[in-house]
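Please work through each task before reading its solution.

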Amino acid sequence: MGYEKLGRRDIARLVAADIEDGAYVNLGIGIPTQVSAFLPPGRDVILHTENGIVGMGPGDPGAPLDLDLINASKEAVTLLPGASITDHVVSFAMMRGGHLDLTVLGAFQVSEKGDLANWDTGAADTIPAVGGAMDLVAGARQVFVTMEHVTKDGQPKIVRECTYPLTGARVVDRIYTDLAILDVTPAGIQVRAMVAGLAFGELQALTGCPLALDPGWRTLSVH
C-alpha cells in the first residue's frame with residue numbers, strides 16, 4: 001500500500017475548512033465533534049447541539065465539569081457571547097424547520113444516490129440509536145458525512161444501495177473518508193480529492209459503486 005490513510009483529526013480538519021462563514025452548523029457524535037477544534041481563526045460559525053445550545057464554544061479542560069454545559073456527545077463545552085440555551089422542543093424545531101445550514105454526521109453506509117444509513121446495523125451486540133439524525137438530515141440545507149472508507153473487514157461503506165435501515169433518502173451532499181472527499185451529484189459519486197499515493201483505480205476497488213474523477217481533483221496530505 002503506497003499511501004497513508006487520514007486520521008480522524010485530519011478528516012475533521014478538512015470538514016472545518018469547507019464550512020462557510022456565517023453558517024449555522026450541527027455537529028454529530030464522533031469525528032464531527034472534533035470539527036469545532038479546527039475552525040479557522042476569524043471564521044464566524046454558529047454551532048448548534050441538539051440537546052439545546054446555539055452558539056456553542058470549545059470545552060475548557062481546566063474547568064470543573066458542568067453537566068449543564070455538555071454537547072450531544074456528553075463532552076464539556078462553553079458558551080460564546082450571544083449564545084442561548086433552549087429545551088429540546090425548540091432545538092428540534094430548529095433542526096426540522098430548515099434553520100441549520102449544515103449538519104455533519106457519521107455513517108454506516110452512504111448510497112450512490114445520497115441515501116444515508118447511520119443508526120442501526122442489526123448486529124446482535126449493538127443498540128439502535130437514531131437520536132436526532134432523521135430530523136437533522138430532513139431539515140438541514142446541506143449534509144456532510146464523515147466515516148472510514150471501508151468497514152473493519154474491508155467491505156465498502158459507499159455502496160449502490162444501502163442494506164441497513166435508512167436515516168434519510170437522497171440527503172447526503174458530501175462524504176469525507178480516510179481516503180478521499182467525494183460529492184454526491186445527480187450523475188453519481190464524484191471524487192474531489194484523494195490521499196497522496198492512492199490511485200483512482202485503488203479507490204474504485206474499495207468502493208461499492210462507480211466513481212467519477214473530478215478534473216480538478218486535488219491531493220490530500222496527512223498531518
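This is a predicted model: local features need pLDDT of at least 70, side-chain atom pairs count only at pLDDT 80 or more; totals for chains, interfaces and linings use all residues.

**Exercise 1.** Determine the strand order of the open sheet of 10 strands, and state which strands are its edge strands.

*Solution.* Step one: reading across the sheet gives the order E4-E3-E2-E1-E5-E8-E10-E11-E12-E13. Step two: the pairing in this sheet is mixed. Step three: strand E4 (78-85) and strand E13 (211-220) each pair on one side only, which makes them the edge strands. Step four: from one strand to the next, the twist averages 25 degrees.

**Exercise 2.** In what sense do strands E1 and E5 pair, and over how many bridges?

*Solution.* Step one: locate strand E1 at residues 24-27 and strand E5 at residues 102-106. Step two: the two strands pair in the parallel sense, over three bridges. Step three: within this pair, Leu102 in E5 is the residue opposite Val25.

**Exercise 3.** Identify the strands across which helix H1 lies.

*Solution.* Step one: helix H1 comprises residues 8-18. Step two: the helix lies across E5, strand E8 (142-146), strand E10 (174-176), strand E11 (180-185), strand E12 (188-195) and E13. Step three: relative to E10, helix H1 runs at about 145 degrees.

**Exercise 4.** Describe the open sheet formed by three strands.

*Solution.* Step one: the order is E7-E6-E9, with mixed pairing. Step two: its edge strands, each pairing on one side only, are strand E7 (116-117) and strand E9 (158-159). Step three: strand E6 (residues 109-111) runs parallel to E9, and two bridges join them. Step four: Ser111 stands opposite Val159 in E9.

Conventions
Residues are numbered from 1 along each chain as its sequence is written. Side-chain values use heavy atoms; hydrogens and water are left out. Two strands pair if DSSP finds at least two bridges between them. Helices (H or I, at least four residues) and strands (E, at least two) are DSSP runs, numbered from the N terminus. Axes are lines fitted to C-alpha atoms, for helices over the stretch in contact, and angles run from 0 to 180 degrees between N-to-C directions. Contact means heavy atoms within 4.5 Å.
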